[in-house]
Every structure is written in C-alpha cells, then in structure tokens.
Amino acid sequence: MSKTDLSRRGLLRTGAVTSAGLALPTIFTAQSASAFTNDPTGGTVTLGFNVPQTGPYADEGADELRAYQLAVEHLNGEGDGGMLNTFSSKALEGSGILGKKVEYVTGDTQTKSDAARASAKSMIEKDGAIMITGGSSSGVAIAVQGLCQEAGVIFMAGLTHSNDTTGKDKKANGFRHFFNAYMSGAALAPVLKNLYGDDRKAYHLTADYTWGWTQEESIKAATEALGWETVNTVKTPLAATDFSSYIAPVLNSGADVLVLNHYGGNMVNSLTNAVQFGLREKEVNGRNFEIVVPLYSRLMAKGAGANVKGIHGSTNWHWSLQDEGSKAFVRSFGTKYGFPPSQAAHTCYVQTLLYADAVQRAGSFNPCAVAEALEDFEFDGMGNGKTLYRGADHQCFKDVLVVRGKENPTSEFDLLEVVEVTPREQVEYAADHPMFAGGNLGSCNPGA
Amino acid sequence: MFGLDKRDTTLLLIVAGLTIFAPFILNPFPTDSGLAQFNAGYPDLMQRFVIFGIFAIGFNILFGLTGYLSFGHAAFLGVGSYSAVWMFKLLSMNVLPAIILSVIIAGLFALVIGYVSLRRSGIYFSILTLAFAQMSFSLAYSVLTPITNGETGLQLTLDDPRVLGQTATADGSIPVTNLFGLEMRGTYEMAMGPWAFQFNMGYYLCALVLIAAFYLSIRIFRSPFGMMLRAVKSNQQRMNYTGLNSKPYTLAAFVISGMYAGLAGGLMASMDPLAGAERMQWTASGEVVLMTILGGAGTLIGPVLGAGFIKYFENIFSKINSNVLHSWFSFLPDGLEDFIVFIIYPFIGKGWHLTLGILFMLVVIYLPGGLVEGGQRIGGWFKGRKKSDARQSETNPAE
C-alpha cells in the first residue's frame with residue numbers, strides 16, 4: 001500500500017496548481033472584445049504597404065510606395081488632393097478616414113510568398129494594420145490575399161495580372177483593381193487582327209509560373225478565336241537571363257508572330273535577344289515577322305530601350321491619358337517626385353483611395369462592411385473611365401489600353417503611345433468563365 | 001536531471017526559461033513609445049525565432065559535429081512544409097499528424113540525398129547538396145506544380161476533402177490549424193500599464209518542441225555517437241584507416257538533421273498553412289549556414305542565438321522606413337536631420353541585408369566562435385581570467 005500523507009497545505013497547493021493548469025488553455029481562447037481584427041480605437045488608423053523593396057520587381061515596388069505615400073497625404077488633406085477632386089464618390093473630405101488620421105507602415109515582400117506573408121503578419125500582429133495592400137507579383141499577391149482572409153483584414157491587391165488572383169484563388173477579403181491576362185487577350189486580339197491579319201502563326205515564349213501560364217492560355221484563346229494558329233508554346237525558367245537558345249528555334253518553326261509572355265527583367269532580356277537575332281527584319285510567308293508583348297509597362301519599355309519601338313501590348317493605365325483623373329494624379333505625383341507615375345503606382349494609389357472611400361461610405365472599419373461597400377460599386381474619375389468593382393469575384397472592370405512602343409520618344413518617360421482604348425464591354429466576362437473557374441470567394445472574415 | 005550533468009541542465013533550463021518568457025523579454029518597450037519599433041514580441045516573429053532555432057539546431061548536428069557543410073538543407077524544410085500542408089488538405093487541420101508526416105518524409109528524403117551526397121566529402125559534398133536542393137526548388141517551382149502549386153505556393157482551399165475534419169466551417173471559411181481544438185492562432189493579450197504582451201498558442205507549441213529538440217541535441221552531443229561524429233570532423237581518414245566505417249555515422253547525422261529541418265518545416269506550415277517553393281531556394285539554405293556560423297558552429301546554444309539574430313534583422317530592421325527615421329531625428333535642425341537620415345538610410349529598411357552582412361563579417365573576423373564566443377569573452381571579463389580556463393565544456397566549438 002502506498003502511504004498517502006495529505007496535509008492541508010499540500011492539498012491546497014495541488015488544487016491550486018491543477019486549477020491553474022486547467023485554466024491555462026482558456027486564456028488562449030479569450031479574444032479581445034472588439035468585433036473585428038485591429039479595430040482602430042485611437043485618433044489614427046494604420047494601413048500596411050507591403051511592396052517588393054528588394055529583388056527583381058524592386059523598381060515597381062519603389063514606385064508603388066511613392067504612390068501610397070501620396071495617397072496618404074491626400075487622404076489626410078495635405079498636398080493638392082489629386083484624384084480626390086475627380087473621384088465620382090465625394091465621401092472623402094481630406095480629413096483622414098472616418099475622422100482618423102491615416103498612418104502607415106511599410107514592409108519588404110522580397111517578391112517571395114514567405115517573406116511577404118511574414119511582413120504582412122507583422123503589420124497585422126504588431127502594428128495593428130487594418131488593411132494590407134501591395135504586391136508586384138501574382139504569386140505574392142495570392143499568398144498575402146490568403147493570409148488576410150485568415151487574419152480578417154482587407155487586402156487591396158497591387159500589381160497582379162494573373163487570372164487566378166480573382167479566379168481560382170479569389171478570396172472574400174481580397175480586391176483587385178488591376179486588369180488581368182484575360183482582359184489583355186480580349187483587348188489585344190482585335191488590334192492584332194487589324195494590324196497583322198487573321199491567318200498568322202504564333203509562337204509563345206512563356207515565363208514558367210502561374211502568371212505566365214494564365215497569360216499564355218488567355219492570349220492563345222483570344223488569337224485562335226481570330227483564326228490564328230499556335231505553332232508552339234515554350235516555357236522558359238523565371239530565372240533565365242539569356243534567351244538565345246529559346247529564340248533560335250523560332251526562326252525555323254514557320255511562325256510569323258512571337259508572343260513574349262514575360263514580365264520585368266525577363267521581357268527586357270528576351271525582347272533584346274529576339275531583336276539581336278534579327279527577328280524583326282525577317283520575312284516569313286511573305287509577311288513581316290512581328291513580336292507581341294501582352295503585358296507592357298513603362299519601366300519595362302525603359303529597360304528594353306530602342307527595341308520596343310513599334311511593339312504592341314496592353315497596359316492598365318498610362319500617364320499620357322488625358323482624362324481629368326489621370327491628369328490630376330500625374331500632376332500631383334510629378335510635383336512631389338519629379339517624374340510621371342507608372343501603372344503600378346496608379347493602381348496602388350487608386351486602391352488606397354477606394355478602400356478609404358468604402359470605409360467612409362460604410363461608416364465602419366469592419367472588413368465585412370467595407371467589402372459590402374466595395375462590392376458592385378461603380379465609380380468614375382480614377383483614370384480608366386467608368387469602372388465597376390464586381391461583387392461576384394472582386395475584380396474591377398474598366399477600359400484597357402493597347403499601347404505601342406513609340407518610334408520617336410521625346411523624353412525618357414515618353415516611351416509608349418496609346419493605340420486604342422478598348423471599352424469595358426469588350427473585356428468583360430462571366431464570373432464563372434472557364435479560365436476563372438474552380439475558386440470560391442467564401443464568406444468575409446472580420447477576424448477576432 | 002534527465003540524464004544530463006549539472007552544466008547541461010542549467011543550459012537547458014536557461015533555454016526553457018528564455019522561450020517561455022519570450023513574450024516578456026522581447027517586448028521591453030511600452031507600446032506607444034518610439035522604441036516600440038524594436039519590440040519583437042508578436043506571435044509571428046516569436047514563432048519564427050523558435051522554428052528557425054530548431055532548424056539551426058538540426059543543421060548544427062551535421063555541420064557542428066561532423067564538419068560536413070550542407071548547402072541544401074532548405075530542401076528538407078520545404079519538403080516538410082509541403083507534406084504538412086498536404087496533410088491539412090487531405091486529413092484534418094490537427095497539427096500533430098502533419099508534423100509527424102513532415103518529419104518522416106523529410107527523413108526519407110534526407111536518406112536518399114545523403115546516401116548519394118555522402119560519397120564525397122568537403123567542397124564536393126557541399127556542391128552535391130546544393131545541386132540537389134536547387135533541383136528540388138526547380139521541381140517545386142514549375143515541374144511539380146500539380147503537387148506544389150508552383151510559384152504561388154501550396155495553399156488550403158475551401159474544397160479540400162479533409163476526411164477526418166471539416167471541409168469548411170459553418171460560416172464558409174477555411175478551418176484553422178489546431179491541436180485537438182486549441183487554435184494555433186489563438187492569442188491572449190495582456191495589458192500591463194503601457195506594455196502589451198501577447199501569448200500565442202502556436203508559439204507555445206513551437207517553444208515546447210524547441211525545448212524537446214534542444215534536449216535531444218544535448219543528448220546527441222554527449223553520446224558516444226556524438227563522439228564518433230566529432231572524430232569524423234577531426235580526421236576521417238585516420239578513422240577509416242583504423243578499419244572503422246564512418247559512413248553509417250555521417251549518414252545517420254545527415255538524416256537526423258534532415259528530420260530536424262522537416263520538423264521545422266512542418267511547424268512553419270502549422271503556424272501558417274502555406275508552403276512556397278522559395279523555402280527551398282539556395283538563399284534559404286545559405287541562411288541556416290549563416291545562422292549557425294553567426295551563433296557559433298558546434299556549440300549547443302549558438303545556432304538558436306544566430307537564428308534569432310538574423311530573423312530579428314529581417315523582420316524589424318527591414319521595416320524601418322525613412323519616415324520613421326525622420327521622426328527619430330526630428331529634434332535636430334532641418335539640414336542636419338536630413339544629413340543624418342541620408343547617412344543611416346542605406347543601412348535600414350531595404351538595406352537590412354547590408355547591415356547584416358557587415359555584422360556577419362565583424363563576427364567572423366573578430367569572434368570566430370560566433371556570438372557564443374562573444375558571450376564567453378564578456379563573461380570572462382566579469383569573472384576574471386581564472387575561471388575561463390576551466391570552462392572546457394559545452395560552449396566550445398567541437399574540435
């Protein structure tokens with residue numbers, strides 16, 4: 001028999017330890033009292049700007065950050081107000097958001113999903129950010145969008161062009177203003193038909209990751225609908241810097257159009273290689289060989305220099321647009337930084353204003369209320385004509401620009417000229433379009 | 001205690017104390033003070049500290065003891081993450097099966113890679129492991145996209161089967177990772193005057209695993225097996241000439257450290273259910289080498305310190321932007337303020353790599369034994385010269 005020697009003190013001590021042990025897990029379940037994550041209680045509200053400051057898209061990231069800072073100034077009533085003056089919704093008064101002064105924190109995504117999520121998490125957990133925005137790559141945007149959904153904050157996507165962001169990976173807490181690969185295809189196809197005819201043979205070089213694939217799929221579908229034939233599609237590694245070995249086979253393939261589904265540094269290198277191989281002077285089947293770059297940006301055009309002359313592509317926005325919204329934005333950006341903004345800067349600036357406006361109209365920072373205010377919201381005066389934030393997939397629908405590398409640029413910023421503004425109706429698609437199928441928005445998550 | 005001698009017990013208790021009270025230790029500044037920028041006591045970063053601590057402890061078992069420098073350890077971390085996320089997708093959101101599977105898969109993977117790579121030693125071994133890791137990275141990034149979801153990274157979706165759990169919660173969102181119902185993201189906030197401390201469930205799970213992993217590594221260091229590994233480091237040829245086959249020992253060390261990496265990967269996925277291919281890239285493998293060397297290779301606690309040091313820089317310094325700098329120096333006259341910000345700016349924010357690089361160089365040049373040696377030197381100054389000779393113990397490099 002074991003001897004049980006139970007003293008009063010011993011019993012008390014054991015009892016206390018046991019109950020403390022039992023109670024311990026419950027402290028983890030107790031959440032803060034507010035109804036949603038990071039409810040701003042003081043006189044300020046914090047936004048999280050999560051952009052690539054290092055890595056291949058650092059240029060875009062730096063420009064995005066400039067745009068965010070400008071947007072914060074305008075929201076707080078500093079500077080000339082920019083697009084607040086042309087925006088069709090007049091809820092914002094330049095006194096912050098719901099009377100709270102806007103502050104921000106920045107982070108570096110390094111264009112890596114992991115680092116981006118770490119940085120976004122620290123903004124949410126440490127700095128109390130109520131909204132995360134940014135991203136210069138679709139992979140990162142999708143990863144951070146998933147995180148925001150779990151954490152219960154709103155994600156306003158920056159530059160992300162993959163169909164998946166608002167397609168199979170769409171989330172109830174995530175919103176995208178930027179256009180996507182499908183829209184590029186729909187906007188480019190008629191222009192290509194007019195320029196090059198309807199019986200071309202296309203050869204695709206595609207960056208081997210999510211964005212590249214969705215773009216290849218979209219462009220292929222759009223051009224094949226014209227009557228074009230796709231000779232071959234070749235995947236190139238994202239890290240590649242020399243594309244000569246991929247360009248050489250194009251010469252003997254019988255193709256007469258080369259489609260470069262590349263972005264950033266990839267596109268600069270592949271286009272340069274293609275021009276060096278004399279593709280542009282070549283004639284196939286009695287016609288000039290042509291090159292198409294479906295997603296264009298001014299920063300890319302700058303990198304590729306004279307090689308972009310006469311090459312067509314699509315873009316979300318360009319600073320030379322002459323509507324009031326674009327002019328106001330270019331003016332205040334130019335005054336502050338001394339050069340015109342890129343399309344990445346534009347979309348980030350607009351996203352920030354749209355978020356602030358939605359909060360103001362909803363009268364609450366609660367992500368569910370904000371999401372409701374953004375869904376099926378129609379606005380104008382932000383540089384792309386009448387725009388709709390579709391509730392079914394949280395994608396913006398607006399005019400898409402088809403641009404061409406300028407033959408005689410007048411300055412280092414004047415590299416692209418707008419060939420055509422494709423109207424919104426032409427790039428619209430059903431929310432359950434096969435290229436976007438497979439996803440589920442789920443329900444909005446306010447966290448806490 | 002636990003079969004350890006007094007000194008090792010103390011070390012284990014110190015590590016346990018540090019991890020358990022980390023929410024206090026890492027949040028020394030009041031929340032609304034300007035210095036709150038330097039607080040690191042929020043769940044995500046604390047989890048990273050201990051997870052990378054586990055990773056580095058495992059790496060140190062291979063590198064610190066046998067001297068085999070693997071440049072591909074991130075591959076095991078990545079494999080562990082992918083297995084864990086697949087477990088969340090297919091089985092249930094409980095972290096236990098996920099972590100167990102990630103350790104097993106990483107172990108098997110390490111067995112295969114180790115078997116091939118360990119046929120060579122020195123720089124050839126490093127290159128072989130690097131090649132394997134880069135291969136795994138490329139596979140995960142593009143070729144194996146159906147399994148890894150490529151560049152985007154493997155994520156949970158609302159229509160995963162989760163046969164033992166629920167596919168989606170009642171309100172239509174993805175269920176969260178838990179340990180028998182205890183949510184990993186559950187956080188209790190304690191306000192104490194101007195301070196706010198966060199106690200996170202997931203962090204404490206990681207901390208317990210870290211303590212267990214640390215204990216295991218002490219036992220390995222002190223075992224005859226550990227002695228054999230040290231012998232491999234000092235002169236493998238001589239060992240072979242005496243007729244002893246060292247390969248099983250090095251292979252075992254390689255697999256054990258691979259399993260540690262898998263454990264870290266599984267924990268990482270349990271805290272944040274996403275697995276990205278970048279986890280396997282060579283930079284990630286290089287990072288754990290840096291952590292180990294910075295902290296002190298071959299010492300027990302060094303890798304943990306190194307991991308904490310690097311993660312602190314990555315997450316805290318990278319977030320200081322020019323605005324924050326301006327607010328720090330706003331008391332200075334305008335011109336001087338701008339000048340000082342101009343001088344400091346390249347070293348913070350996106351320049352954190354630069355600062356880390358400089359510190360790494362300084363440590364390697366002046367403190368070859370890493371941060372642990374720095375600690376010993378400081379300790380030596382306080383205690384006087386007498387005791388420092390007597391300390392032939394756990395904190396010395398294994399040579």
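Predicted model: local features only at pLDDT ≥ 70, side-chain atom pairs only at ≥ 80, totals over all residues.
Q: In β4(A), what is the bridge partner of Thr133(A)?
A: Strands are DSSP runs of E with at least two residues and helices are runs of H or I with at least four, numbered from the N terminus; two strands pair if DSSP finds at least two bridges between them. Strand β3 (residues 131-134) of chain A pairs with β4(A) in the parallel sense over 4 bridges. In β4(A), the partner of Thr133(A) is Met156(A).

Q: What is the handedness of the crossing of α3(A) and α4(A), left-handed or right-handed?
A: Helix α3 (residues 113-125) and helix α4 (residues 138-151) of chain A have axes that come within 9 Å and cross at roughly 35°; axes are lines fitted to C-alpha atoms, for helices over the stretch in contact, and angles run from 0 to 180 degrees between N-to-C directions. A crossing is left-handed if the near helix is turned anticlockwise from the far one by less than a right angle, and right-handed if clockwise. The crossing of α3(A) and α4(A) is right-handed.

Q: How many nonpolar residues does the contact of α3(A) with α4(A) have?
A: Residues are in contact if their C-beta atoms, placed from the backbone, lie within 7 Å. Those from α3(A) include Ala116(A), Ala120(A) and Ile124(A), and those from α4(A) include Val140(A), Ala143(A) and Leu147(A). Ala, Val, Leu, Ile, Met, Phe, Trp, Tyr, Cys and Pro count as nonpolar, Asp, Glu, Lys and Arg as charged, and the others, Gly among them, as polar. The contact of α3(A) with α4(A) has 2 polar and 2 charged residues, and its nonpolar residues number 8.

Q: How are α11(A) and α12(A) oriented to each other?
A: Helix α11 (residues 343-362) and helix α12 (residues 367-374) of chain A pack with their axes 8 Å apart, at an angle of about 105°. Angles under 35 degrees count as roughly parallel, over 145 as roughly antiparallel, 65 to 115 as roughly perpendicular and the rest as oblique. α11(A) and α12(A) are therefore roughly perpendicular.

Q: Which strands stand at the edges, each with a single partner strand?
A: An open sheet of 7 strands in chain A has the order β7-β6-β8-β11-β12-β16-β17, with mixed pairing. Two strands have one side without a neighbour in the sheet, because each has a single partner: β7 (229-236) and β17 (416-422) of chain A.

Q: In β7(A), what is the bridge partner of Thr206(A)?
A: Strand β6 (residues 201-207) of chain A and β7(A) pair in the parallel sense over 7 bridges. Helix α6 (residues 210-226) of chain A lies across β6, β7, β8 and β11 of chain A, at about 165° to β6(A). The partner of Thr206(A) in β7(A) is Lys235(A).

Q: How many residues of β11(A) are buried?
A: β11(A) pairs in the parallel sense with β8(A) over 3 bridges and with strand β12 (residues 312-315) of chain A over 2 bridges. In β11(A), Ile291(A) is the bridge partner of Leu258(A). β11(A) is largely enclosed by the rest of the structure, because its buried residues number 6 of the 6.

Q: Which helix supplies the largest share of the side of chain B that touches chain A?
A: The contact takes 33 residues from chain A and 35 residues from chain B. On the side of chain B, α3 (43-66), α6 (122-143) and β4 (187-192) each supply at least two residues. The largest share, 4 residues, comes from α3(B).

Q: How far apart in space are Leu90(B) and Asp160(B), C-alpha to C-alpha?
A: Leu90(B) lies in helix α4 (residues 74-90) of chain B and is partly exposed, with 14 other C-beta atoms within 10 Å. Leaving aside neighbours within four places in sequence, Leu90(B) is in contact with Pro161(B), Arg162(B) and Val163(B). Leu90(B) and Asp160(B) are 70 residues apart in sequence, and their C-alpha separation in space is 6.5 Å.

Technical notes:
Residues numbered from 1 in each chain as written. Chains lettered and ligands numbered in written order. Contact = placed C-beta atoms within 7 Å. Buried ≥ 20, exposed ≤ 12 C-beta atoms within 10 Å, placed from the backbone.
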